[in-house]
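Have the model open and follow along.

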Amino acid sequence: MRGHAPVLARDPGHDRAPATTPRRGAADPVKTLLHRHRELCERAVDPLEIAAGLEAHGVTDRTAARFRHRDVFSLAEEMYARAPRPAETPPRSEDRDAPRVRAGWILLSLLPGALCAAAVAGLHLTAGRTRLAVAGLGAPAVALAVRALLRRGPLSPLGPSGRSRAGSQGPGARAWTYWLLTYALLGDGLLGVAVEGGPDGLPDGTATGGPWPLATVPVLALALACAPACWGAHLLAVRARRGLRASRCLEEFAASVRPLLFVVVGGFLGALGVLLALCGRVLHEPVGYAQTLALGALLLLARLLTTHGFTHAPVLTLGAAATVETTAQASVFAGRLPGCDPLAVPVDALMTAWGAGSVPTLACGAAAAVLLVHAARTLTRASAHARPGTRP
(Lines give C-alpha, C1' and ligand atoms only; values in the text may rest on other atoms or scores of the structure.)
Protein backbone atom coordinates (compact mmCIF):
# COMPACT_ATOMS: atom_id res chain seq x y z
CA MET A 1 0.00 0.00 0.00
CA ARG A 2 1.70 3.18 -1.16
CA GLY A 3 2.53 5.86 1.35
CA HIS A 4 1.92 3.72 4.43
CA ALA A 5 4.38 3.22 7.22
CA PRO A 6 6.16 -0.14 7.13
CA VAL A 7 5.09 -2.88 9.50
CA LEU A 8 6.57 -2.16 12.89
CA ALA A 9 9.66 -4.18 13.70
CA ARG A 10 9.68 -5.88 17.07
CA ASP A 11 12.14 -4.40 19.56
CA PRO A 12 12.73 -4.74 23.28
CA GLY A 13 10.29 -1.95 24.03
CA HIS A 14 7.62 -3.09 21.62
CA ASP A 15 6.10 -5.60 24.04
CA ARG A 16 5.78 -3.09 26.85
CA ALA A 17 2.22 -1.80 27.26
CA PRO A 18 1.81 1.88 26.36
CA ALA A 19 0.53 4.42 28.82
CA THR A 20 -3.00 4.23 27.39
CA THR A 21 -3.80 0.74 26.19
CA PRO A 22 -7.32 -0.36 25.26
CA ARG A 23 -7.19 -3.14 27.85
CA ARG A 24 -5.37 -3.17 31.22
CA GLY A 25 -2.61 -5.71 31.53
CA ALA A 26 -2.29 -6.29 27.80
CA ALA A 27 1.44 -6.68 27.02
CA ASP A 28 0.78 -6.46 23.28
CA PRO A 29 -2.29 -4.35 22.39
CA VAL A 30 -2.14 -5.33 18.70
CA LYS A 31 -2.28 -8.99 19.70
CA THR A 32 -5.44 -8.23 21.66
CA LEU A 33 -6.95 -6.59 18.58
CA LEU A 34 -5.88 -9.55 16.44
CA HIS A 35 -7.71 -11.91 18.76
CA ARG A 36 -10.82 -9.73 18.72
CA HIS A 37 -10.92 -9.60 14.90
CA ARG A 38 -9.38 -13.00 14.22
CA GLU A 39 -11.91 -14.07 11.58
CA LEU A 40 -11.52 -10.80 9.66
CA CYS A 41 -7.72 -11.06 9.64
CA GLU A 42 -7.63 -14.73 8.67
CA ARG A 43 -9.84 -14.34 5.60
CA ALA A 44 -8.31 -11.06 4.41
CA VAL A 45 -6.14 -11.24 1.31
CA ASP A 46 -4.63 -7.78 1.76
CA PRO A 47 -4.36 -5.10 4.49
CA LEU A 48 -7.02 -3.06 2.69
CA GLU A 49 -9.73 -5.50 3.74
CA ILE A 50 -8.62 -5.36 7.37
CA ALA A 51 -8.59 -1.54 7.33
CA ALA A 52 -12.11 -1.41 5.92
CA GLY A 53 -13.31 -4.03 8.39
CA LEU A 54 -11.80 -2.17 11.34
CA GLU A 55 -13.46 1.04 10.23
CA ALA A 56 -16.79 -0.77 9.91
CA HIS A 57 -16.36 -1.89 13.53
CA GLY A 58 -15.76 1.68 14.71
CA VAL A 59 -11.94 1.79 14.77
CA THR A 60 -10.75 5.29 13.81
CA ASP A 61 -7.36 6.87 13.26
CA ARG A 62 -7.50 8.19 16.82
CA THR A 63 -8.10 4.66 18.07
CA ALA A 64 -5.16 3.43 15.99
CA ALA A 65 -2.86 5.88 17.81
CA ARG A 66 -3.52 3.92 21.01
CA PHE A 67 -1.95 0.94 19.26
CA ARG A 68 1.20 2.95 18.35
CA HIS A 69 0.08 3.58 14.75
CA ARG A 70 -0.62 6.87 13.04
CA ASP A 71 -3.77 5.61 11.23
CA VAL A 72 -6.00 2.60 10.61
CA PHE A 73 -4.20 1.69 7.39
CA SER A 74 -0.84 1.34 9.14
CA LEU A 75 -2.44 -0.69 11.93
CA ALA A 76 -4.08 -2.96 9.35
CA GLU A 77 -0.72 -3.62 7.71
CA GLU A 78 0.75 -4.92 10.97
CA MET A 79 -2.32 -7.02 11.69
CA TYR A 80 -2.17 -8.50 8.20
CA ALA A 81 1.51 -9.35 8.60
CA ARG A 82 1.02 -10.99 12.00
CA ALA A 83 -2.30 -12.78 11.42
CA PRO A 84 -2.14 -16.57 10.85
CA ARG A 85 -3.97 -17.72 7.73
CA PRO A 86 -4.43 -20.97 5.81
CA ALA A 87 -1.81 -21.88 3.24
CA GLU A 88 -4.40 -21.80 0.50
CA THR A 89 -5.16 -18.09 1.03
CA PRO A 90 -4.83 -16.41 -2.40
CA PRO A 91 -2.02 -13.89 -2.81
CA ARG A 92 -2.71 -10.19 -2.72
CA SER A 93 -3.83 -8.77 -6.05
CA GLU A 94 -4.10 -5.06 -6.69
CA ASP A 95 -6.99 -5.38 -9.14
CA ARG A 96 -8.61 -8.58 -7.93
CA ASP A 97 -11.78 -6.80 -6.85
CA ALA A 98 -11.67 -3.91 -9.31
CA PRO A 99 -15.10 -3.53 -10.93
CA ARG A 100 -14.92 -4.30 -14.63
CA VAL A 101 -16.96 -3.18 -17.62
CA ARG A 102 -19.01 -6.13 -18.81
CA ALA A 103 -20.97 -6.42 -22.02
CA GLY A 104 -23.91 -7.94 -20.14
CA TRP A 105 -24.67 -4.98 -17.94
CA ILE A 106 -24.01 -2.53 -20.77
CA LEU A 107 -26.77 -4.17 -22.80
CA LEU A 108 -29.03 -4.37 -19.76
CA SER A 109 -28.54 -0.65 -19.09
CA LEU A 110 -29.80 0.13 -22.60
CA LEU A 111 -32.73 -2.30 -22.53
CA PRO A 112 -35.17 -0.30 -20.31
CA GLY A 113 -34.79 2.79 -22.50
CA ALA A 114 -35.24 0.80 -25.71
CA LEU A 115 -38.38 -0.94 -24.46
CA CYS A 116 -39.83 2.29 -23.05
CA ALA A 117 -39.18 4.09 -26.35
CA ALA A 118 -40.99 1.30 -28.21
CA ALA A 119 -43.92 1.49 -25.80
CA VAL A 120 -44.19 5.28 -26.07
CA ALA A 121 -44.02 5.07 -29.86
CA GLY A 122 -46.80 2.50 -29.77
CA LEU A 123 -48.95 4.82 -27.66
CA HIS A 124 -48.50 7.62 -30.18
CA LEU A 125 -49.18 5.47 -33.24
CA THR A 126 -52.25 3.57 -32.00
CA ALA A 127 -55.67 4.35 -30.59
CA GLY A 128 -58.52 2.71 -28.71
CA ARG A 129 -58.09 -0.87 -27.55
CA THR A 130 -54.84 -1.27 -29.44
CA ARG A 131 -53.34 1.58 -27.46
CA LEU A 132 -54.57 -0.01 -24.25
CA ALA A 133 -52.94 -3.30 -25.24
CA VAL A 134 -49.66 -1.55 -26.02
CA ALA A 135 -49.71 0.10 -22.60
CA GLY A 136 -50.59 -3.20 -20.92
CA LEU A 137 -47.64 -4.96 -22.56
CA GLY A 138 -45.13 -2.10 -22.49
CA ALA A 139 -45.32 -1.25 -18.78
CA PRO A 140 -44.55 -4.80 -17.52
CA ALA A 141 -41.81 -5.22 -20.12
CA VAL A 142 -40.03 -2.05 -18.98
CA ALA A 143 -40.48 -3.03 -15.32
CA LEU A 144 -38.94 -6.45 -15.94
CA ALA A 145 -36.02 -4.89 -17.82
CA VAL A 146 -35.33 -2.50 -14.95
CA ARG A 147 -35.56 -5.33 -12.44
CA ALA A 148 -33.04 -7.36 -14.43
CA LEU A 149 -30.70 -4.37 -14.55
CA LEU A 150 -30.95 -3.89 -10.78
CA ARG A 151 -30.07 -7.54 -10.20
CA ARG A 152 -26.88 -7.41 -12.28
CA GLY A 153 -24.27 -4.78 -13.01
CA PRO A 154 -23.13 -1.64 -11.16
CA LEU A 155 -26.60 -0.90 -9.74
CA SER A 156 -27.01 -4.37 -8.25
CA PRO A 157 -26.78 -5.03 -4.50
CA LEU A 158 -24.43 -7.85 -5.48
CA GLY A 159 -21.93 -5.25 -6.61
CA PRO A 160 -20.18 -4.99 -9.96
CA SER A 161 -18.12 -8.12 -9.34
CA GLY A 162 -21.20 -10.28 -8.82
CA ARG A 163 -20.52 -11.14 -5.17
CA SER A 164 -23.22 -10.91 -2.56
CA ARG A 165 -23.19 -7.73 -0.53
CA ALA A 166 -24.76 -7.02 2.81
CA GLY A 167 -28.29 -5.85 2.35
CA SER A 168 -30.52 -5.50 -0.68
CA GLN A 169 -33.45 -3.39 -1.70
CA GLY A 170 -36.47 -4.85 0.03
CA PRO A 171 -40.07 -4.97 -1.20
CA GLY A 172 -40.87 -1.73 0.64
CA ALA A 173 -38.34 0.26 -1.37
CA ARG A 174 -39.49 -1.34 -4.63
CA ALA A 175 -43.13 -0.50 -3.87
CA TRP A 176 -42.28 3.15 -3.15
CA THR A 177 -40.19 3.35 -6.31
CA TYR A 178 -43.04 1.99 -8.43
CA TRP A 179 -45.39 4.51 -6.87
CA LEU A 180 -43.06 7.43 -7.58
CA LEU A 181 -42.66 6.36 -11.21
CA THR A 182 -46.41 5.87 -11.58
CA TYR A 183 -46.94 9.35 -10.18
CA ALA A 184 -44.43 10.72 -12.69
CA LEU A 185 -46.57 9.22 -15.45
CA LEU A 186 -50.06 9.96 -14.12
CA GLY A 187 -49.86 12.15 -11.02
CA ASP A 188 -49.41 15.66 -12.38
CA GLY A 189 -52.16 15.16 -14.94
CA LEU A 190 -54.57 13.84 -12.31
CA LEU A 191 -53.77 16.64 -9.90
CA GLY A 192 -54.30 19.27 -12.58
CA VAL A 193 -57.72 18.00 -13.62
CA ALA A 194 -58.71 17.26 -10.00
CA VAL A 195 -58.27 20.90 -9.02
CA GLU A 196 -60.62 21.82 -11.88
CA GLY A 197 -63.25 19.28 -10.76
CA GLY A 198 -62.18 16.23 -12.78
CA PRO A 199 -61.27 13.74 -13.90
CA ASP A 200 -64.09 12.97 -16.28
CA GLY A 201 -62.65 9.67 -17.49
CA LEU A 202 -59.70 7.32 -17.49
CA PRO A 203 -56.38 8.09 -19.20
CA ASP A 204 -56.58 7.73 -22.98
CA GLY A 205 -52.83 7.80 -23.62
CA THR A 206 -52.66 11.43 -24.71
CA ALA A 207 -50.39 14.01 -23.11
CA THR A 208 -52.67 17.02 -23.60
CA GLY A 209 -56.35 17.59 -24.16
CA GLY A 210 -57.52 14.27 -22.71
CA PRO A 211 -59.60 13.64 -19.59
CA TRP A 212 -56.46 12.52 -17.72
CA PRO A 213 -53.19 13.54 -19.41
CA LEU A 214 -50.15 11.28 -19.33
CA ALA A 215 -46.58 12.53 -18.90
CA THR A 216 -44.58 10.14 -21.06
CA VAL A 217 -41.50 12.35 -21.47
CA PRO A 218 -40.30 12.06 -17.83
CA VAL A 219 -40.75 8.27 -17.75
CA LEU A 220 -39.00 7.81 -21.10
CA ALA A 221 -36.10 10.04 -20.06
CA LEU A 222 -35.71 8.18 -16.75
CA ALA A 223 -35.69 4.84 -18.57
CA LEU A 224 -33.03 6.08 -20.98
CA ALA A 225 -31.07 7.47 -18.02
CA CYS A 226 -30.49 3.95 -16.70
CA ALA A 227 -27.36 3.86 -18.89
CA PRO A 228 -25.68 6.98 -17.43
CA ALA A 229 -26.73 5.84 -13.95
CA CYS A 230 -24.86 2.56 -14.49
CA TRP A 231 -21.77 4.35 -15.76
CA GLY A 232 -21.85 6.73 -12.80
CA ALA A 233 -22.12 3.88 -10.30
CA HIS A 234 -19.28 2.06 -12.09
CA LEU A 235 -17.09 5.18 -12.03
CA LEU A 236 -17.73 5.66 -8.31
CA ALA A 237 -16.83 2.04 -7.56
CA VAL A 238 -13.63 2.05 -9.61
CA ARG A 239 -12.29 5.40 -8.43
CA ALA A 240 -13.20 4.69 -4.81
CA ARG A 241 -11.28 1.39 -4.86
CA ARG A 242 -8.25 3.15 -6.34
CA GLY A 243 -8.49 5.93 -3.78
CA LEU A 244 -8.75 3.38 -1.00
CA ARG A 245 -5.45 1.82 -2.02
CA ALA A 246 -3.68 5.17 -2.44
CA SER A 247 -4.97 6.91 0.71
CA ARG A 248 -2.87 7.15 3.86
CA CYS A 249 -5.72 7.67 6.32
CA LEU A 250 -9.50 7.56 6.54
CA GLU A 251 -9.88 11.34 6.35
CA GLU A 252 -7.82 11.47 3.17
CA PHE A 253 -9.93 8.76 1.59
CA ALA A 254 -13.19 10.51 2.53
CA ALA A 255 -11.88 13.79 1.12
CA SER A 256 -11.10 12.10 -2.20
CA VAL A 257 -14.42 10.26 -2.55
CA ARG A 258 -16.78 13.06 -1.52
CA PRO A 259 -16.19 15.25 -4.63
CA LEU A 260 -16.35 12.11 -6.76
CA LEU A 261 -19.83 11.40 -5.41
CA PHE A 262 -20.94 14.94 -6.27
CA VAL A 263 -19.48 14.59 -9.78
CA VAL A 264 -21.38 11.33 -10.33
CA VAL A 265 -24.69 12.82 -9.16
CA GLY A 266 -24.15 16.04 -11.12
CA GLY A 267 -23.14 14.15 -14.26
CA PHE A 268 -26.23 11.98 -14.04
CA LEU A 269 -28.51 15.01 -13.63
CA GLY A 270 -26.83 16.68 -16.62
CA ALA A 271 -27.38 13.58 -18.75
CA LEU A 272 -30.98 13.34 -17.57
CA GLY A 273 -31.58 16.99 -18.45
CA VAL A 274 -30.26 16.42 -21.98
CA LEU A 275 -32.47 13.34 -22.37
CA LEU A 276 -35.49 15.30 -21.18
CA ALA A 277 -34.85 18.02 -23.74
CA LEU A 278 -34.44 15.49 -26.56
CA CYS A 279 -37.53 13.49 -25.60
CA GLY A 280 -39.64 16.63 -25.29
CA ARG A 281 -38.48 17.84 -28.69
CA VAL A 282 -39.20 14.49 -30.37
CA LEU A 283 -42.57 13.87 -28.70
CA HIS A 284 -43.70 17.54 -28.65
CA GLU A 285 -44.93 17.15 -25.09
CA PRO A 286 -44.39 19.03 -21.81
CA VAL A 287 -41.05 18.15 -20.23
CA GLY A 288 -41.29 18.91 -16.51
CA TYR A 289 -37.60 19.48 -15.81
CA ALA A 290 -37.79 20.29 -12.09
CA GLN A 291 -39.88 17.35 -10.91
CA THR A 292 -38.09 14.84 -13.15
CA LEU A 293 -34.61 15.94 -12.12
CA ALA A 294 -35.64 15.81 -8.46
CA LEU A 295 -37.04 12.30 -8.91
CA GLY A 296 -33.97 11.18 -10.85
CA ALA A 297 -31.62 12.42 -8.13
CA LEU A 298 -33.68 10.67 -5.47
CA LEU A 299 -33.74 7.35 -7.31
CA LEU A 300 -30.01 7.46 -8.12
CA LEU A 301 -28.94 8.25 -4.56
CA ALA A 302 -31.27 5.60 -3.14
CA ARG A 303 -29.81 3.05 -5.52
CA LEU A 304 -26.19 3.98 -4.81
CA LEU A 305 -26.78 3.59 -1.09
CA THR A 306 -28.58 0.28 -1.59
CA THR A 307 -25.78 -0.99 -3.81
CA HIS A 308 -23.27 -0.40 -1.04
CA GLY A 309 -25.41 -2.04 1.63
CA PHE A 310 -27.16 0.99 3.19
CA THR A 311 -30.87 0.24 2.79
CA HIS A 312 -32.62 1.92 5.71
CA ALA A 313 -32.37 5.56 4.64
CA PRO A 314 -33.49 4.90 1.02
CA VAL A 315 -36.65 3.17 2.21
CA LEU A 316 -37.51 6.03 4.57
CA THR A 317 -36.91 8.80 2.06
CA LEU A 318 -38.64 7.08 -0.84
CA GLY A 319 -41.61 6.37 1.41
CA ALA A 320 -41.70 9.96 2.66
CA ALA A 321 -41.72 11.40 -0.87
CA ALA A 322 -44.45 9.00 -1.99
CA THR A 323 -46.52 9.79 1.11
CA VAL A 324 -46.32 13.54 0.46
CA GLU A 325 -47.50 13.04 -3.13
CA THR A 326 -50.33 10.78 -2.01
CA THR A 327 -51.39 13.23 0.69
CA ALA A 328 -51.46 16.08 -1.81
CA GLN A 329 -53.70 14.11 -4.16
CA ALA A 330 -55.99 12.98 -1.34
CA SER A 331 -56.36 16.51 0.06
CA VAL A 332 -57.74 17.79 -3.23
CA PHE A 333 -60.43 15.11 -3.37
CA ALA A 334 -61.12 15.40 0.37
CA GLY A 335 -61.71 19.14 -0.10
CA ARG A 336 -64.83 18.30 -2.14
CA LEU A 337 -66.56 16.89 0.93
CA PRO A 338 -68.97 19.21 2.79
CA GLY A 339 -67.12 21.40 5.28
CA CYS A 340 -63.67 20.13 4.17
CA ASP A 341 -62.75 22.96 1.81
CA PRO A 342 -59.73 24.06 3.88
CA LEU A 343 -58.03 20.71 3.24
CA ALA A 344 -57.46 21.58 -0.41
CA VAL A 345 -56.26 25.14 0.20
CA PRO A 346 -52.48 24.39 0.55
CA VAL A 347 -52.33 22.36 -2.65
CA ASP A 348 -54.49 24.86 -4.53
CA ALA A 349 -52.20 27.70 -3.47
CA LEU A 350 -49.09 25.70 -4.42
CA MET A 351 -50.50 24.88 -7.85
CA THR A 352 -51.59 28.46 -8.45
CA ALA A 353 -48.08 29.68 -7.72
CA TRP A 354 -45.93 27.00 -9.38
CA GLY A 355 -48.19 24.48 -11.12
CA ALA A 356 -48.92 20.78 -10.57
CA GLY A 357 -45.24 19.85 -10.88
CA SER A 358 -44.41 21.72 -7.69
CA VAL A 359 -45.72 18.87 -5.52
CA PRO A 360 -43.31 16.17 -6.76
CA THR A 361 -40.53 18.74 -7.06
CA LEU A 362 -40.74 19.64 -3.38
CA ALA A 363 -41.35 16.08 -2.20
CA CYS A 364 -38.61 14.41 -4.23
CA GLY A 365 -36.22 17.35 -4.01
CA ALA A 366 -36.32 17.43 -0.20
CA ALA A 367 -35.90 13.65 -0.01
CA ALA A 368 -32.98 13.75 -2.46
CA ALA A 369 -31.27 16.49 -0.43
CA VAL A 370 -31.52 14.37 2.71
CA LEU A 371 -30.12 11.34 0.89
CA LEU A 372 -27.27 13.39 -0.59
CA VAL A 373 -26.18 14.48 2.88
CA HIS A 374 -26.47 10.90 4.12
CA ALA A 375 -24.55 9.54 1.13
CA ALA A 376 -21.78 12.10 1.61
CA ARG A 377 -21.25 10.62 5.08
CA THR A 378 -21.72 6.90 4.39
CA LEU A 379 -20.35 6.39 0.88
CA THR A 380 -17.11 8.12 1.88
CA ARG A 381 -16.28 5.38 4.38
CA ALA A 382 -13.66 2.80 3.48
CA SER A 383 -15.95 -0.04 4.56
CA ALA A 384 -18.56 1.03 1.97
CA HIS A 385 -16.18 0.16 -0.87
CA ALA A 386 -14.41 -2.89 0.52
CA ARG A 387 -14.93 -6.50 -0.44
CA PRO A 388 -18.39 -7.79 0.58
CA GLY A 389 -16.95 -10.04 3.25
CA THR A 390 -15.41 -7.19 5.24
CA ARG A 391 -18.71 -5.57 6.21
CA PRO A 392 -20.02 -6.48 9.65
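H6 and H9 run roughly antiparallel to each other, because their angle is over 145 degrees. Keep in mind that this is a predicted model. To find the pair, look for H6 at residues 103-125 and H9 at residues 216-224. Their axes cross at roughly 155 degrees and come within 7 Å. As for handedness, the crossing of H6 and H9 is left-handed.

So who touches whom here? On the H6 side you'll find Pro 112, Gly 113, Cys 116, Ala 117, Val 120, Leu 123 and His 124. They meet Thr 216, Val 219, Leu 220, Ala 223 and Leu 224 of H9. Sorted by class, the residues of this contact come out as 9 nonpolar and 3 polar, with no charged ones.

Now stay on H6 and turn to another partner, helix H7, which covers residues 128-151. The axes of H6 and H7 are 9 Å apart, and the angle between them is about 170 degrees. That angle makes H6 roughly antiparallel to H7. The H6 and H7 crossing is left-handed.

From H6, the residues in this contact include Trp 105, Leu 108, Ser 109, Leu 111, Pro 112 and Leu 115. H7 brings residues including Arg 131, Val 134, Ala 135, Gly 138, Ala 141 and Val 142. By class, the contact of H6 with H7 has 16 nonpolar, 3 polar and 1 charged residues.

Definitions and conventions: Residues are numbered from 1 along each chain as its sequence is written. This is a predicted model: local features need pLDDT of at least 70, side-chain atom pairs count only at pLDDT 80 or more; totals for chains, interfaces and linings use all residues. Side-chain values use heavy atoms; hydrogens and water are left out. Axes are lines fitted to C-alpha atoms, for helices over the stretch in contact, and angles run from 0 to 180 degrees between N-to-C directions. Helices (H or I, at least four residues) and strands (E, at least two) are DSSP runs, numbered from the N terminus. Angles under 35 degrees count as roughly parallel, over 145 as roughly antiparallel, 65 to 115 as roughly perpendicular and the rest as oblique. A crossing is left-handed if the near helix is turned anticlockwise from the far one by less than a right angle, and right-handed if clockwise. Contact means heavy atoms within 4.5 Å. Ala, Val, Leu, Ile, Met, Phe, Trp, Tyr, Cys and Pro count as nonpolar, Asp, Glu, Lys and Arg as charged, and the others, Gly among them, as polar.
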